[in-house]
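Hi,

Here is the structure I promised to pass on. Have a look at it first, and then read my notes below.

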Amino acid sequence: MQSKLNFAHLPTPVEALPRLSARLKGPQIFIKRDDQTGLALGGNKIRKLEFLLADAQAHGARTLITAGAVQSNHCRQTAAAAARTGFACILVLTGERPPNPTGNNFLDLFLGAEIVWAGGSDREQVLDQTFDTVLKTGGKPYLIPYGGSNAIGALGYVFAMQELLDQDPSLDWIVFPSSSGGTHAGLALGGRMFGYHGGILGISIDNLASELSQKVAMLAEETANCLGEDHRFSAQDILVNDDYLGAGYGVMGEPEIEALSMFARSEGMLLDPVYTGRAAAGLIDLIRNGFFTADQKILFWHTGGTPALFADQYLSRLLKP
Ligand SMILES: Cc1ncc(COP(=O)(O)O)c(C=O)c1O
C-alpha cells in the first residue's frame with residue numbers, strides 16, 4: 001500500500017445547492033467542495049499530491065519538477081505542497097513569461113517556485129532537459145506527471161470516492177471536469193471498490209471522448225494494480241461527454257460565462273473559467289435537455305481552480321457593463 005502525507009483538509013464538505021436546483025427546475029444538485037482542500041486555495045491536485053509527495057520522499061528526492069499551462073492549477077498546488085513539505089519546486093510552463101503574472105502564475109512565484117518558460121520550444125523537451133540538469137547538479141529531482149495523473153496520484157480520488165460515499169451513498173450521478181484523467185480514474189476505481197452504483201460522468205475539457213475514456217480506463221487498471229486489486233476497465237466503462245469543448249482549452253465562451261455567473265449569483269459559489277466553468281456549463285445543458293431529470297440527485301464535484309478567475313484574460317471578460 002502506498003503511503004501518503006497529510007496536508008489536505010478532509011473530508012471536504014458536501015453542500016446542497018437548492019437555489020440553483022430551483023432556478024434550473026431540475027434535479028437536486030449537491031456540490032463537493034474540493035476547492036476547499038486546504039492548501040493555497042485548494043483544488044483536486046492536493047489529494048493526488050498527498051500520495052505523490054510521499055513517494056518523492058520515499059525516493060529521497062529534494063526537488064519536485066512538473067509542467068503545465070501558464071494558469072495551471074496543478075502547478076500552483078505543486079508549488080504550495082512543495083513549500084509545505086520542504087521540497088524545492090521547478091515548474092516548466094508553456095510559452096513566454098507574461099509581463100504581469102496574475103492568477104495561478106502569480107501564486108507560483110509567490111509560493112517560491114522556480115519557473116522555466118518553454119518559450120517557442122517543445123515543453124516536454126524542456127522538461128526533460130530541466131530534469132537532467134537537476135539530476136547532474138545533485139538536486140535529486142522527482143518528476144510529477146502532467147496533472148499529477150499517474151497511478152499514484154489517482155489514489156487520491158479512489159479514497160475521495162470512499163469519503164463521498166460515507167457522506168452520501170444515494171447519489172444518482174457524479175459530474176466533474178475531466179482532463180488528464182487522474183481524477184476520473186480514481187473515481188471510477190473507487191466507485192467499483194466501495195460499491196457506488198450511480199453514474200460517474202466526466203465532462204471533457206480538452207480531449208475527444210474516445211481518447212479520454214481509453215486513457216482513463218488504462219489508468220484505472222494501473223491504479224488498481226498499485227493497490228494490489230484486480231479490477232478490469234474498458235473504455236465502455238468510462239463515461240465521458242465531449243460536447244462542451246467549445247473553442248478549445250482555456251478559451252472561456254458564453255456557456256462558461258453563463259455557468260460561472262449562475263453559480264455565483266444563485267449560490268455565492270465561485271467556479272473557475274477553464275475546468276469547473278466548462279463542466280458546470282455541461283451540467284446546466286444536460287439538465288435543460290432532459291438528460292438529468294427532476295427526480296434525481298446529482299453531485300457536482302468542484303475540483304477547484306478559482307485563482308484563474310483573477311487571471312487578466314478572464315477577469316476582464318467576466319464583469320459585463
Ligand atoms: C480545477 C481543475 N479541475 C479539473 C481538472 C482535471 O483533473 P484531471 O487532470 O485529474 O482530469 C484540473 C486539472 O488540471 C483542474 O485544475
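Before the details, one cut-off: a residue counts as buried when its relative accessible area is under 20%. Also keep in mind that this is a predicted model.

So, is N241 buried or exposed? Its relative accessible area comes out at 12%, which is under the 20% cut-off, so N241 is buried. This residue is found in strand β9, which covers residues 239-241. Leaving aside residues up to four places away in sequence, N241 touches L201, G202, I203, S204 and L286. The N241 side chain also has a polar atom 2.7 Å from the backbone nitrogen of D243.

Now for the sheet. As a reminder, strands of a sheet pair through backbone hydrogen bonds, either parallel or antiparallel. The one I looked at is an open sheet of four strands, paired in parallel and ordered β5-β4-β3-β6. At its edges are β5 (114-117) and β6 (141-143), each pairing on one side only. On average, neighbouring strands here are turned by 25° against each other, ignoring direction.

Inside that order, β3 (residues 63-68) and β4 (residues 88-93) pair in the parallel sense over six bridges.

Which helix lies across β4 and β5? That's α4, residues 103-110, and it runs at about 130° to β5.

Cheers

Methods. Residues are numbered from 1 along each chain as its sequence is written. This is a predicted model: local features need pLDDT of at least 70, side-chain atom pairs count only at pLDDT 80 or more; totals for chains, interfaces and linings use all residues. Side-chain values use heavy atoms; hydrogens and water are left out. Two strands pair if DSSP finds at least two bridges between them. Helices (H or I, at least four residues) and strands (E, at least two) are DSSP runs, numbered from the N terminus. Axes are lines fitted to C-alpha atoms, for helices over the stretch in contact, and angles run from 0 to 180 degrees between N-to-C directions. Contact means heavy atoms within 4.5 Å. Buried means under 20% relative accessible area, exposed over 50%, partly exposed in between (1.4 Å probe, protein chains only). A polar contact is a pair of N or O atoms within 3.5 Å; within protein, one must be able to donate a hydrogen and the other to accept it, and residues adjacent in sequence count only if both atoms are side-chain atoms.
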